[in-house]
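I am opening a notebook on this structure. My entries keep to what I looked up.

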Amino acid sequence: MKRLVVTVALFGWLPLFAGEPIVVASKNFTESYLLGEIIAQRLEQAGMEVDRRFGLGGTLICFEALLAGEIDVYVEYSGTLEQTILKLGKRTSIRGLKEHLEPRGLSLLSPLGFNNTYAIAVRKEVAEEFSLERISQLTDYRDLRVVVSHEFLEREDGWPGMRRVYGFDWIPEGIEHGLAYQAMADGSIDITDAYSTDGELQRYDLTVLADDKAFFPTYLAIPLIRDDLSPRAQAAIEDLASTLDDSSMASLNASVVFEGEDFASAARNHLRSIGFDVADRGSNTFDDLIRNTQRHLWLTAIALLTATVVGIVLALAVFQVAWISNAVLYVAGLLQTIPSIALLALMIPIFGIGMLPAVMALFLYSLLPIVRNSVTALATVDPVLRRVGKAMGLTRYDEIRYVYVPLAMPAILAGVRTAAVISIGTATLAAFIGAGGLGDPIVTGLALNDTSLILQGAIPAAVLAIATELMFEGIERVLVPRHLKVLEQPDRKSTR
């Protein structure tokens with residue numbers, strides 16, 4: 001079996017062998033969602049089962065997931081393959097790209113028919129005020145507020161290459177691509193990068209500057225697949241070749257951005273327009289909310305329970321040796337400094353995408369507050385009480401059970417409580433690696449600049465955090481000995 005669907009149980013790994021759906025992925029911007037949905041619906045219309053992994057966090061995550069066999073197909077762009085993934089540094093034909101991909105077990109199918117090149121977009125009033133028509137003119141207007149997407153800021157076919165070709169001597173700030181257009185509309189920034197087929201270019205009436213030094217390569221949209229994808233699936237996807245041009249792709253993007261059409265219906269309408277009888281896929285917002293919440297709870301519960309067991313056992317093992325406990329706390333603290341999305345991306349080559357790397361990341365982020373609180377509380381138990389225990393003839397196990405753990409319990413619970421809230425918030429990023437949860441509507445909302453979609457994920461996540469706080473208050477009432485609660489209360493005796 002090519003793919004193993006893995007989940008995590010509290011005391012071990014539980015492999016669940018599933019069928020073999022074709023896993024279709026997309027990046028986290030509007031056009032990629034649409035193209036992923038078009039391919040998915042075409043495969044379903046051809047009688048194949050599809051697993052959608054949409055909204056993955058960028059080129060690196062998608063490509064690594066494809067190499068690892070976690071996904072089977074996503075739409076990539078020839079210029080991105082040439083400059084960013086393969087780092088060829090020169091213009092290369094489709095045949096040349098195929099030759100470079102072949103040793104990696106990957107193949108390119110036929111282009112979908114349009115070229116979505118990068119573009120530099122300017123607010124219309126700014127372009128008119130300074131008579132901006134060409135990218136090279138920007139060297140004379142350094143006071144303009146230039147903010148570009150994070151990926152564009154790092155890509156060789158993005159700002160680094162533009163600096164060399166156009167002679168720019170400054171580095172702009174970065175922003176999430178989906179938020180840049182709203183920032184342009186608000187007047188917060190003047191210039192950003194765009195995709196030439198973005199519907200937002202029309203929506204916000206932006207001016208696209210001419211690439212007068214021909215810096216940007218061609219970005220033909222091409223399905224990128226694993227070689228072991230079935231011939232039947234490949235043939236179905238090949239039916240989509242040359243069915244989209246620049247204008248029709250821009251119109252599809254606009255139908256989602258302008259008219260509020262969802263990805264599924266926009267993709268379905270396009271497929272029907274080119275002759276494929278695609279059935280409706282029902283979608284229920286409430287059902288989606290329940291499914292996302294359940295997945296979110298599952299991710300955080302597994303990670304938190306595992307981290308609690310490991311963290312407390314680890315604390316009990318090291319708290320009496322200062323240098324060892326300090327080393328453990330240092331390592332746990334170091335893990336906390338790794339940005340969440342970076343940690344998730346680094347785990348893809350090891351664990352693939354989906355639940356497993358998300359759970360592992362949440363587990364690592366939960367360790368620090370649990371271990372730190374547990375070690376501190378255990379190490380600071382009153383020495384008098386420890387000596388009393390020894391005088392009573394308590395064994396080492398009895399000391400841990402009847403002295404250390406009860407006295408440390410309030411601080412241990414506080415650490416678990418902190419870890420739980422951290423996990424609920426961090427788990428929203430799991431959507432970037434296809435793990436689902438309440439991050440799904442947030443990521444989609446960012447791609448569409450749709451506040452209502454963002455709130456569909458953000459509000460339930462906040463409610464879960466509040467509910468978790470209340471739950472731990474109840475747990476504390478049960479687990480913390482009553483005499484410790486009394487000791488913690490202020491002295492209310494009156495004096496006469």
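Which residue in E11 is the bridge partner of Ile 120? I looked it up: Leu 209 is the partner. I note at the start that this is a predicted model.

I traced the whole sheet next.

**Entry: cavities**

How many cavities of 30 Å³ or more does a search of the whole structure find? I got 3. I took the largest cavity and noted a volume of about 110 Å³. Its lining includes Lys 27, Phe 29, Thr 59, Tyr 77 and Thr 80. Asn 116, Thr 117 and Tyr 118 also line it. So do Glu 151, Arg 155, Tyr 195 and Tyr 219. I sorted the lining by class: 5 nonpolar, 4 polar and 3 charged residues.

**Entry: a pocket**

I turned to the second largest pocket. Its volume is about 850 Å³. I counted 32 lining residues. Nearest its centre lie Gly 57, Gly 58, Thr 59, Leu 60 and Glu 151. Thr 59 and Glu 151 were already in my notes, as lining residues of the largest cavity.

Which helices each supply at least two residues of this lining? I wrote down H2 (59-67), H3 (78-85), H6 (150-154) and H15 (340-351). The largest share comes from H2, with 6 residues. By class, the pocket lining has 14 nonpolar, 9 polar and 9 charged residues.

**Entry: one histidine**

Last, I looked up His 270. It is found in helix H12, residues 263-273. Is His 270 buried or exposed? I noted a relative accessible area of 8%, so His 270 is buried. I then checked what His 270 touches, not counting residues up to four places away in sequence. The list is Ile 38, Thr 243, Leu 244 and Leu 252.

Notes. Residues numbered from 1 in each chain as written. Predicted model: local features only at pLDDT ≥ 70, side-chain atom pairs only at ≥ 80, totals over all residues. Heavy atoms only, no water. Pairing = 2+ DSSP bridges. Helix = DSSP H or I, 4+ residues; strand = E, 2+ residues; numbered from the N terminus. 1 Å grid on protein atoms, 1.4 Å probe; cavity = no way out; pocket = protein on both sides within 12 Å on 5 of 7 lines; lining within 4 Å. Points joined across faces, edges and corners; volume = space filled by probe spheres on them. Nonpolar A, V, L, I, M, F, W, Y, C, P; charged D, E, K, R; others polar. Buried < 20%, exposed > 50% of the residue type's maximum accessible area, 1.4 Å probe, protein only. Contact = heavy atoms within 4.5 Å.
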